[in-house]
Every structure is written in C-alpha cells, then in structure tokens.
Amino acid sequence: MKTKCIHNDLIFYLDNELSVEKKIAVEKHLEECADCRGFLAFLKEGIQIIDREKKPEVSPFFYTRLSARLDEKSETQAQSQWVRLAQPAFFSFVLLAGIYGGLKLGSNASSPKINQQVTSSVQMLNDFAAEPIESFLLDGL
Amino acid sequence: MDEAQLIKGIQQGDRKSFHILVETYQRMVVNTCLGIVHNKADAEDLAQDVFLEIFRTAENFRGDAKLSTWLYRIATNRSLNLIRNNKRKRFFQSIEETFIGGRNRTSEISENRADQPDQNITDQQRSDMLHRAMDRLPEKQRIAFTLNKYEELPYQQIAEVMEISLASVESLIHRAKKNLQEQLLDCYKKKCV
C-alpha cells in the first residue's frame, strides 16, 4: 500500500530542520514515492534560485552616484533654506508697504483740503448754471 | 575605524566616514532590498535612499543597536514602501487599462524573451515563479524569510531588526516556508514551469 505523500515536510527536509526520526521516515518515503521525489527536485531548484541571486555585484559607480545625489540634495537644501528666509521677508515687506500706502492714502482722503478741492472740481464740472440749456439751444437758431 | 567612530564622523558631516560606511555595507543593503523587490536596479536605488537617510538622520542614532540592525531596518521599510507604491500604481493602471485600454503586457514580456535561449527561459520562469510566491507572503513573513535566506541572519538578529521576540521570528519563518511550499506545490501540480 502506498503511504500518504509528505509534501508538507519537504521544505523543512531541505533545510535540515526535521528531527532524526522524521528525517529517516521522509527518506524512506522518498525511495517509494516518485511524486514526492519530483516535487523535492522542483522545490530544490526553486530554492537554489535564492542562492544564485543573493550577494549581487554592486555597480562600481554606486558611491559616485550616491555622492552626486548627496551634493544635489545639500545644494537644494541650501537653496531652499535661502528661499525659506527670503520669501517671508519679501512678502512681509510688500505687506508693510501696502499697509503704509493704504494708511497714507486714507489720511490724505480724510483731510479737509482734499475735500475742498474735490468739491470745487465738481462745481467746475457743473456748467449748466453758467450756460443754461435753453440758451445753448437758442444759439443754434 | 570602528562603528562608533564611523557614526561620530557621519554625525559631524564627514564624507570620508560616510564613504567607508557605504563601502562596508553597500552589498548587504543592496542584497536585502533585492530579496524583497527582486529587481537589481530598484534595489540599488533603494540602497542609495537608505544611505542618504543614514547621512541625514545620523544624529538620531543613539547606539543602542548595531549599525547593521539600523541599516536592515531602514532597508526593509523602504523596500516595503516601494512595493506598496508599485501595487497602488498597478491598481490605478489596471483601472486605466479597463476604461481606456492599454498595451498588452503579456506580449511585451514574450517579445523581451524572444531572443533568450530555452535554458534561460526556464531559469527565468523558475525565478519569476519563486518571486511571485514570495510576493504573496504577508509582509512580516516576507521580511523574516528574506533576512534569513538572503542575508543568512540568525533568528536573534532578525528579532532585533524587526523588534519582535525570538519565538515570533521562529513562527514567522516556519509559516513563510509552509506558505511558500504550498504555492510551489500548486505550481508543480499545474506544471506552470
């Protein structure tokens, strides 16, 4: 009678993590079962890929590239630091200039001298009093 | 130059110390990232990000753990972040392809492999199969398995890197192997390679 397949133990068998009794039982089963032998070979080939992949050769320009990135980063950092200081200073100046200008305009607008000037200029514009429309129309006749 | 001197130098912005650190650990960091992302170019880019982070945050290193433990921690976190970002991108790309229509990726792959000899195709297929199986592992199992298999780290150091107990590491690696075996068995039965 064929014994039950032991697929679940094979990865631990490969890694030598089974107890002595279990290891003997697995080896005995492998002698009889072609399916388990096939899967063991498949598993072994799959796991061996890790051994082939690991410890790759690192690019010889690794540090050169890293160093360039570091320089670039510190340059942008210095630049951004300058921008970080200059930007609020500039906007504060514009804001203060705006407030000062606004106050100046406001104080000029509320002075009586300006009010007078505005009134007189309005009076000058109102020339109907000087030349009524009737006389203007009569001039044309 | 020992670890403490190296770190002190980097904390003071000394490029020479940084160069020594990179030369000493670059292979280890690239290998760790490669075990998670399975692409050499991505692994090298990630390793560079790891070293840049080390240079930038060196003053935070208190020396409680080994320098290599710190490097492993940053490398695994950055690699997982890249995988998450790629997954998100693929998700949106698939939506875009569904609604707008995109290039057929299967034909793209077969075009790339057209000039490879049969043996290489089988090796490549086997490698793809293993990577797919590893990518399906839950994140913690994948990290523990990668550190153990690619970097051959002892369980104790994996526990320090992952900041978990030794028993948890044993359990994670055991479950990772079982899951991997299940997926490979499935593939073996379906004769996918």
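**Contacts along chain A**

Among contacts in chain A between residues at least 6 apart in sequence, what percentage join residues at least 24 apart? The figure is 53%. Two residues are in contact here if their C-beta atoms, placed from the backbone, lie within 7 Å.

The model is predicted: local features need pLDDT of at least 70, side-chain atom pairs count only at pLDDT 80 or more, and totals for chains, interfaces and linings use all residues. Residues are numbered from 1 along each chain as its sequence is written, while chains are lettered from A and ligands numbered from 1 in the order in which they are written.

**Chain A: make-up and confidence**

Chain A holds six helices and zero strands. Its elements run α-α-α-α-α-α from the N terminus on. Helices (H or I, at least four residues) and strands (E, at least two) are DSSP runs, numbered from the N terminus. Of the 141 residues in chain A, 6% are buried. A residue is buried if 20 or more other C-beta atoms lie within 10 Å of its own, exposed if 12 or fewer, and partly exposed in between; the C-beta atoms are placed from the backbone.

The mean pLDDT of chain A is 81, and 76% of the residues score at least 70. pLDDT is the predictor's confidence in each residue, from 0 to 100. Among the elements of chain A, helix α1 (residues 10–14) has the highest mean, 94. Helix α5 (residues 112–125) has the lowest, 57.

Helix α2 (residues 20–32) of chain A has 13 residues. From its first C-alpha to its last it reaches 19 Å, close to the 18 Å expected at 1.5 Å a residue. The expected span is 1.5 Å times one less than the number of residues. The number of buried residues in α2(A) is zero, so this helix lies largely in the open. Asn16(A) counts as exposed, because it has 7 C-beta neighbours inside 10 Å.

Helix α3 (residues 34–53) of chain A has 20 residues and should span 28 Å; its end C-alpha atoms are 29 Å apart, which agrees. Which residues of α3(A) are buried? They are Cys36(A), Phe39(A), Leu43(A) and Gly46(A). Seen down the axis of α3(A), they fall within an arc of 95°, so they line one face of the helix. The arc is that of the directions from the helix axis to the C-beta atoms. An α-helix has 3.6 residues a turn, so residues three or four places apart point the same way. On the other side of α3(A), the exposed residues include Ala34(A), Lys44(A) and Arg52(A). Lys55(A) follows α3(A), with a positive phi near 55°.

**Chain B: two domains**

Chain B is divided into domain 1 (1–102) and domain 2 (116–193). The bounds come from an automatic or database domain assignment. The C-alpha centres of the two domains lie 20 Å apart. In chain B, 12 residues of domain 1 are in contact with 11 residues of domain 2. On the domain 1 side, α2 (15–37) and α4 (67–99) of chain B each supply at least two residues. By class, that side has five nonpolar, six polar and one charged residues. Ala, Val, Leu, Ile, Met, Phe, Trp, Tyr, Cys and Pro count as nonpolar, Asp, Glu, Lys and Arg as charged, and the others, Gly among them, as polar.

Gln11(B) lies in helix α1 (residues 3–11) of chain B. With 15 C-beta neighbours inside 10 Å, Gln11(B) counts as partly exposed. Not counting residues up to four places away in sequence, Gln11(B) touches Ala58(B) and Glu59(B). Glu163(B) is found in the loop between α8 (155–162) and α9 of chain B. Its phi is positive, about 55°, although Glu163(B) is not a glycine.

**Where the chains meet**

In all, 26 residues of chain B are in contact with 25 residues of chain A. On the chain B side, α2, α3 (40–57), α6 (118–135) and α9 (166–190) each supply at least two residues. The largest share, eight residues, comes from α2(B). By class, the side of chain B that touches chain A has 13 nonpolar, six polar and seven charged residues.
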